[in-house]
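This report examines a protein model and describes selected features of its fold and its side chains. Please consult the sequence and the structure shown below while reading.

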Amino acid sequence: MAVDQAKLDAFMGKFVGDLGAVAHAATIVLGDQLGLYKVLAERPATAEQLANRTGTDVRYLKEWLSAQAASGYAEYDAKTSTFSLTEEQALALAVEGSPVFIPGAFQIAVAVFKAIPKMAQALRTGAGLGWHEHDASLFHGTERFFRPGYAAHLISEWLPALEGVEEKLKSGARVADVGCGHGASTIIMAQGYPNSEFIGFDYHEPSIAHAREAARQAGLGERVRFEVASAKSYRGSDYDLVTVFDCLHDMGDPVGASAHVRESLKKDGTWMIVEPFANDQLENNLNPVGRIFYSASTFICTPASRSQEVGLCLGAQAGEARIRAVVRDGGFSRFRRAAQTPFNLIYEARA
C-alpha cells in the first residue's frame, strides 16, 4: 500500500475528534438528565460544591466535570479548582427555552445507538424500521431538539413569509398540523395566534397522548386538539393552513399525503412544508449539516419510510427539486421556497 503519511495523520486526527465527540455525547445526556448544567450555570463551583448542590457523588462528578472542560462544554480555573459555564455554554446547555438548546439532539443519538441491532438486520434484508419501533428517547429528543428552532423562527419569520397566511391566523383560521409528534409546533402556533383553531395529527399514539398533556399544561383549552391519524387519513376538509414539520421525507407515500393535504384545504388554503436544509446534489451536501442529516436519515428517516406503504424513501436530504415533484404530483400547481435557516427549508404550496 502506498500510504501518504500526512493524509493518514490527518485522518487519524479526525478519528480522535470523532471518538471524543461520541464518548462525550453520553456525558451530555447524563448531565442533562441530572440537571448538572442548570445548577452549574447558576455560579462557578468546585466538584465538591457542585456535588453538594446536586446530590451527586463527588468522585464521579470530578470525572464528569473534567470531561466537560476537556470538550469545551465548561470552563476550568486551575487556580481555584472551579468549573463554570460561559453565557454561551449556558444558553446552549442549561436554558431549555433558548433557541440554541442542544441536549435533545444527544437524546436522539441514544436512540440511534440502541437501534444498531435492528438496523444491522434491516441493511441485510431491506426491511423498514418504523418510527414507533425506536427507543422513546427518540421521541423526547426530537421534540426538545426541534422545538427551539420552531420557537425562534415559526411565528416571527416562517408563517409571515407565506402569502396572506398570517392575516388569516390573526383573524381566526383553522389549521391542521400533520405529523405533529409531541405537539411542540402545534402549541407554539396556538400560543402565537389565539384566535385560531389547531388540530395536531400523528399516527404515533404515545406522542399524541404526550401532546394532549402538553396542551393541557399550556392552558390552551378547546382551541387545540390532538388526534391519532396518518398523513393520508386525517379528518377535515376546510383547513386554511396545513403544516408538516420535518416529516414529509419520513413518509412512505409522500405523494399520497400531498394529495390528501390538497383535498383537505380550502380553495385558497396553504400548505407549509418544513424540511431539513439540503441542496439537490449529493456533492453539495457533503458538509457538517449534511453529515448530521445523512446519519440521522440512515437510522431514522429512510427506515421509517421503508416501513410504510410505497416506501419512497426521500431521505432527510431530499432537496428542493424532489420535494417540489412530490408536491406537484399531489395536485398542487404553485410551489416556492418561502424562507430558510442553516438547518431548515420552508416551502409554500398552493392550489
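Is Arg 144 buried or exposed? In this predicted model, Arg 144 has a relative accessible area of 13% and is therefore buried, since buried means under 20%.

## Arg 144 and its partner

Arg 144 forms a salt bridge with Glu 96, and their closest N and O atoms are 2.9 Å apart. Arg 144 belongs to helix H8 (residues 136-158), while Glu 96 lies in the loop between helix H5 (87-93) and helix H6 (103-114), so the pair ties together parts that are 48 residues apart in sequence. Glu 96 counts as partly exposed, at 26% relative accessibility.

## Other salt bridges

Side chains of opposite charge can pair when their charged atoms come close. The structure holds 24 salt bridges. One of them joins Asp 18 and Arg 291, with 3.0 Å between the closest N and O atoms. Because Asp 18 lies in helix H1 (residues 5-33) and Arg 291 in helix H13, this pair ties together parts that are 273 residues apart in sequence. Asp 18 counts as partly exposed at 27% relative accessibility, and Arg 291 counts as partly exposed at 47%.

Asp 253 and Lys 232 also meet through their side chains in a salt bridge (2.8 Å, N to O). Asp 253 is in the loop between S6 and helix H12 (254-264), and Lys 232 is in the loop between S5 and S6, so the pair ties together parts that are 21 residues apart in sequence. Asp 253 is buried, with a relative accessible area of 16%, whereas Lys 232 counts as partly exposed at 34% relative accessibility.

## The sheet and its helices

Seven strands form an open sheet in the order S5-S4-S3-S6-S7-S9-S8, with mixed pairing. Strand S5 (224-228) and strand S8 (334-340) each have a single partner strand, so one side of each is left without a neighbour in the sheet. From one strand to the next, the twist averages 20°.

Strands S6 (residues 239-245) and S7 run parallel and are joined by six bridges. Helix H11 (residues 205-218) packs on the sheet and touches strand S4 (197-202) and S5. Helix H14 (residues 320-329) lies across S7, S8 and strand S9 (344-350), and runs at about 140° to S8.

## A buried asparagine

Asn 285 is located in the loop between strand S7 (265-276) and helix H13 (288-306). Asn 285 counts as buried, at 3% relative accessibility. The side chain of Asn 285 reaches the backbone nitrogen of Asn 279 at 2.8 Å.

Technical notes:
Residues numbered from 1 in each chain as written. Predicted model: local features only at pLDDT ≥ 70, side-chain atom pairs only at ≥ 80, totals over all residues. Heavy atoms only, no water. Helix = DSSP H or I, 4+ residues; strand = E, 2+ residues; numbered from the N terminus. Buried < 20%, exposed > 50% of the residue type's maximum accessible area, 1.4 Å probe, protein only. Polar contact = N/O pair within 3.5 Å; in protein donor to acceptor, adjacent residues only side chain to side chain. Pairing = 2+ DSSP bridges. Axes fitted to C-alpha atoms, helices over the stretch in contact; angles between N-to-C directions. Contact = heavy atoms within 4.5 Å. Salt bridge = Lys/Arg side-chain N within 4 Å of Asp/Glu carboxyl O.
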